[in-house]
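Let's take a friendly look at charged side chains and who they pair up with. Here is the structure to keep beside you as you read.

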Amino acid sequence: MKEEKNQGNTNSLNLSDLADFQFGPAWARPGAASSPVYTDRAPRESRSPRRKEGGERRPFNRDRRDSSALKGRDERQPRRDSRRPDARRETRPQRELPAPAEGFRVELRPANSILELFASNIQKQKRALPLIDLARVVMGDKARYDLVFMKMENGPMLIHSTKGDQACWLTEAEATAYLWKAPWFSELYTTEEIEIEAPKGTFSAVAVCSLGGELIGPVTWHGYQAALMNLYRSKYSTMPLDAFKNRISVEKNEETVAAWIQAASHKTIWKPMRENAADIILEDNRAVEEDFKANHYASVYEVVDKVFINASTPRAVLSPGIAAHVAILSDKTRRFPQMLIPNLCHGLARHHMPIYKWHGNHFTGPSRVRALPEGTVLADRMMAIMNWAQENSGKKADVMFAELSGVPAGTDEASIQAATDAHAPYVADMIWLLEQGYIVVTSDNAVWFPKGETAPEPVTKPQPRKNTRKPRKHTAPQKPEAAQQ
């Protein structure tokens, strides 16, 4: 059944139409313009004309000004110089990255999903692709690669979630604080809101968190510290406590104070959803966390020595030390994609893809390249393809089909159909040669004769000329002869 299916696909497969697996920007792909077009720049014709040939060059005078350019400008306003520090555009300060956690060996590997996609496309399109291009494709999207954390001796423990949310922590406190943001919180506890007595006293200002606009309460209120820590543990535990406190501001308008008093007149309580716990009421965040550690922590988390974390995992579900590893290693591999080639080789080998070295680079394709054994007898069309590839290595497949079949690609529908019918037998024979590794077709639709062709000489830097002169021997200066008496 498999052979019949492949044979049916062979008749409909045309190498000239397989352009959906190209690399690089759109303008660099075959059939596109030879250079990019920048629409945000004015064309050369619309710029100010240069001095005509043979014309007289005007001397430059800094005092000359165009009156039309200065029309409407305030002469008393000083001219702004973009080179001055005060004239520079204010940039938004970048958020400092936390220190990466120690005690781990971290590797970046392509995800299994992208490896399956590579294998299926390469086998379908019969192309030979350099691994450096595949590495750039992997690093083009965070969902295409994973980071593997392996605990070293005396390293911290890895606390990984079993709920499928990819959460990973380094301490029990971090794992417990994640409870409030976890999507599975509603599976463990129900939330209810009850009315209580409003706070008594006269309040003129209320502390507000600028991160999410939460109303904490007056600084002079007796429950201020408890409300502040509850908000930190429930929403912002992944950031340092001092940084969180720096984002607290005080507002003195009456509307904010009235809104806080209204909110403080209600209280949130929690009830566990497990069996035989209907009468338990948890009145504050600390009580919920203690109940979680005693009854649910062991079933939600597991302690492991090795964990796979996809790079697209939100940083909010990762320990800051782990998230720092993800950010640093992802950025470094994106700038130097050749770092991914060893793990890319191992991943493609698991999917039974051949890896070979050709022209100094690592390639993968439908088969390893090899020479045609001596004495092998091929059909006339196959031998014609082999001879053409040996004499025209590097030319396009469309040119080969047109020359061997004698029917060039047409422009109207009838001629296109005639060319397709004439090229189909050569396409079928060429696919067999590609699967055997006797010829190679790269992503730009070029046909190569891999064995027996002259490889391009590597460009080497000129070596400095060696100094063949022998070093001069230094002799001790002779003492002056004593004066003869």
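Asp429 is buried (under 20% relative accessible area; exposed is over 50%, and partly exposed is in between, using a 1.4 Å probe and protein chains only), with a relative accessible area of 11%. Keep in mind that this is a predicted model, where local features need pLDDT of at least 70, side-chain atom pairs count only at pLDDT 80 or more, and totals for chains, interfaces and linings use all residues. Residues are numbered from 1 along each chain as its sequence is written, and side-chain values use heavy atoms, leaving out hydrogens and water.

**Asp429 and its partner**
- Asp429 forms a salt bridge (a side-chain nitrogen of Lys or Arg within 4 Å of a carboxyl oxygen of Asp or Glu) with Arg381, at 2.7 Å from N to O.
- Asp429 sits in helix α14 (residues 413–436) and Arg381 in helix α12 (residues 380–391), so the pair ties together parts 48 residues apart in sequence; helices here are DSSP runs of H or I with at least four residues, strands are E runs of at least two, and both are numbered from the N terminus.
- Arg381 is partly exposed, at 38% relative accessibility.

**Asp291 and Arg274**
- Another salt bridge links the side chains of Asp291 and Arg274, at 2.7 Å from N to O.
- Asp291 is buried, with 9% relative accessible area, while Arg274 is partly exposed at 24%.

**The wider count**
- The model has 11 salt bridges by this rule.
- One of them joins Glu187 and Lys163, at 3.7 Å from N to O.
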